[in-house]
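The entries follow the order in which I looked things up.

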Amino acid sequence: MPIKKSNNSKFQSTDKIIIPNKYKKASKKSSQPTEPDLDILSEMEDGLSSIEDEYPALAQKSSQATTRSTDLKAVLEISQAINSSLVLENILQKVMKHAIELLKAERGFLMLLDESGELQFKTVHNISGDKLMGEDFKISNSIANKVAKTGESIYTSDAQADEKYSKQKSIAELNLRSIMCVPLKIKEKIIGVVYLDNSSEAKVFLRSDLYLFELFTEQAAIAIENAKLYENLLRLKRYNENVVNKTPVGIVVVNDKFEVTSLNDAAFDILTPAERKNSGFRMQSSGRSFFEIPAEDQVEFWKKHLLHVVSTGRAFEESRFYYQVDDEEKVLNLKISPLEIEPQNSSGLIIVIEDTTEKVVLENYVMLSEKLVAKGEMAASIGHELNNYLAIISNSAELLLRNVKKQAYDKIDRNAEAIVESISKIKRFTDGLMDFSKLEKDPVSYDLRKLIEDILFSIKTHENFSRINFELQISHDIPPIEIDVGQIQQVLINGIYNSMEAINGAGIENGRIKIRAYNRVAGDQAETVVMEIVDNGPGIEVKHKDRIFEQGFTTKESGHGLGLGNCRRIIESHHGQLSIESMPEETVFKIVLPVKQPET
């Protein structure tokens, strides 16, 4: 029976089959087959049958019409399976499991190179699907190390008959027959090896199996590398999240729908009211609309500025934003900027919030202490000057008394003149002090909202204001105005304190001080800014209305009558007007200032 060459690609690519001597007979070439030749062919067929009996796997592969496309389809399906996860441990387990199933191996292991270039066991399996320990897997390290070093696969269909491996102790002990060890490579970079073996003569690896195994490991290497990259990205992400969460600066990222994609702990603490500060709300903040996080009375502010940044593409900054959360007022340094979100290839916003409350409080204390020092130095200077005049008056009065007792009347006139002259000098000196603020004006361009909010932030915690509610109405279109900041601050504080004292003095429980500010342009006149301090106190008595700005006039038991008079002088020195309108249950302290100071 003639033997035809098989069209099976696997069979074509197998190693040469060595027919045992017991199946061979001598023969001579002849152009026509002779009777002895037919006998040899018959014996070869018998020999092949005997080989197939000894190697069933070979008989199966040679008999089935399995095409390479079927093998490639299997590799593709396995590749999809191992690439369905990005968890490295899962990938390694799948690679080993599918490798053993695909090639009908009895055992196998996978090793990866560590940072020092040493191979480390990652997963070891047998055909039963059991996971073994690496140290229990007896195999010569020389095979794995050689493959890892050279990048070349090692293959033998009969390790017992192969001189290169038959003498190795582990191969002899385990009676290993066929072995395949293939590198895991990404381009030219070797990341590890995969090893398979069989001890049964019924499960022989063929050369075509090696080709299939190499295709499989190419896909496996890509899956493993992707998983390692993903793990690195996760570690980097966790590291960045830890860094961002540890920073005291609040950071919020929102997408184009204003949904939170990132919110660190500092931002959560700053923005969130007490009733929402729980672990459940914190964990669900990602993906939530940003406007669900702050207190309801703050939502309009955020909507306005977030929409403005989106529509204009320009960042919004506020160095002192006074933010009320529950009963606590915070001073925030706020910046909202456009942001391109790479993964979604879309736009969003990044909100950076710094709580500067302590810093502002400290600045106010420093400013106050400097003012107190300055006042102390001035008081010492004034006291020294007045003491000089008082000393002259005292001495002259004492001499006057003595001369009267001695009836030295010719000296009395001189003593009286010295007293009158010293008193006159004291008056001129105090008049000069009254003009001090006018002479020392130093105007700068300043944000009126910032000035008013700074004042309120500093005084609202004072016990005297505990029963008073403040209402702030400041137009957003007020331009910076030219003022001496310290002097205008003094005027505003004076007006606020007068309102507080009137409310508390009348025993009003629900005291209210409303502060309004807006700008206006009347005809051809220069642009002006109007500030009003309105209280619900008892008002000013009619008999006092015409005298409230007089120097020395006061209705307070401990007052000195200098406050409102000095306030009017300061405002007039700024080319503005100060007036007070009063009626029962409402008094309006009104200041009008030009935006620009006239050139002098």
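Predicted model: local features only at pLDDT ≥ 70, side-chain atom pairs only at ≥ 80, totals over all residues.

I counted a salt bridge when a side-chain nitrogen of Lys or Arg lies within 4 Å of a carboxyl oxygen of Asp or Glu. Residues are numbered from 1 along each chain as its sequence is written, and side-chain values use heavy atoms, with hydrogens and water left out.

**Entry 1: salt bridges**

I searched the whole structure and got twelve salt bridges. I looked up Lys-189 and Glu-225, whose side chains meet in one of them at 4.0 Å, N to O. This pair links distant parts of the chain: Lys-189 is in strand 6 (residues 189-198) and Glu-225 is in helix 8, 36 residues apart. Helices (H or I, at least four residues) and strands (E, at least two) are DSSP runs, numbered from the N terminus. Glu-225 has 15% relative accessibility and counts as buried. My classes were buried under 20% relative accessible area, exposed over 50%, and partly exposed in between, with a 1.4 Å probe and protein chains only.

Next I checked Lys-97 and Glu-101. Their closest N and O atoms are 3.0 Å apart in a salt bridge. They are separated by about one helical turn because they sit four residues apart in helix 5 (residues 88-103). Lys-97 is partly exposed at 44%, and Glu-101 is partly exposed at 41%.

Glu-231 and Arg-235 also form a salt bridge, with closest N and O atoms 3.9 Å apart. Both are in helix 8, four residues apart, so about one helical turn separates them. Glu-231 is partly exposed at 27% relative accessible area. Arg-235 is partly exposed at 46%.

**Entry 2: aromatic pairs**

How many aromatic pairs does a search of the whole structure find? I got ten. Rings of Phe, Tyr and Trp (its six-membered ring) pair if their centres lie within 6.5 Å; planes under 30 degrees apart are stacked, over 60 edge-to-face, and the rest tilted.

Phe-109 and Phe-121 are edge-to-face, at 5.2 Å centre to centre and 65 degrees between the planes. They link distant parts of the chain, twelve residues apart: Phe-109 in strand 1 (residues 107-113), Phe-121 in strand 2 (residues 119-126). Phe-109 is buried at 1% relative accessible area. Phe-121 is partly exposed at 31%.

Phe-290 and Trp-302 have ring centres 5.4 Å apart and planes at 80 degrees, so I logged them as edge-to-face. Phe-290 lies in the loop between helix 10 (279-283) and helix 11 (299-312), and Trp-302 lies in helix 11. Both residues are buried. I also found them in one aromatic cluster with Phe-258, Phe-291 and Phe-301.

**Entry 3: charges over rings**

I required NZ of Lys or CZ of Arg within 6 Å of the ring centre and within 35 degrees of the ring normal. Lys-303 lies over the face of Phe-291, 5.6 Å from the ring centre. The charged end of Arg-282 sits over the ring of Phe-268, 5.3 Å from its centre.

**Entry 4: helix 6**

Which residues are buried in helix 6 (residues 141-150)? I noted Ile-143, Ala-144, Val-147 and Ala-148. Gly-151 follows helix 6 and has a positive phi, near 75 degrees.
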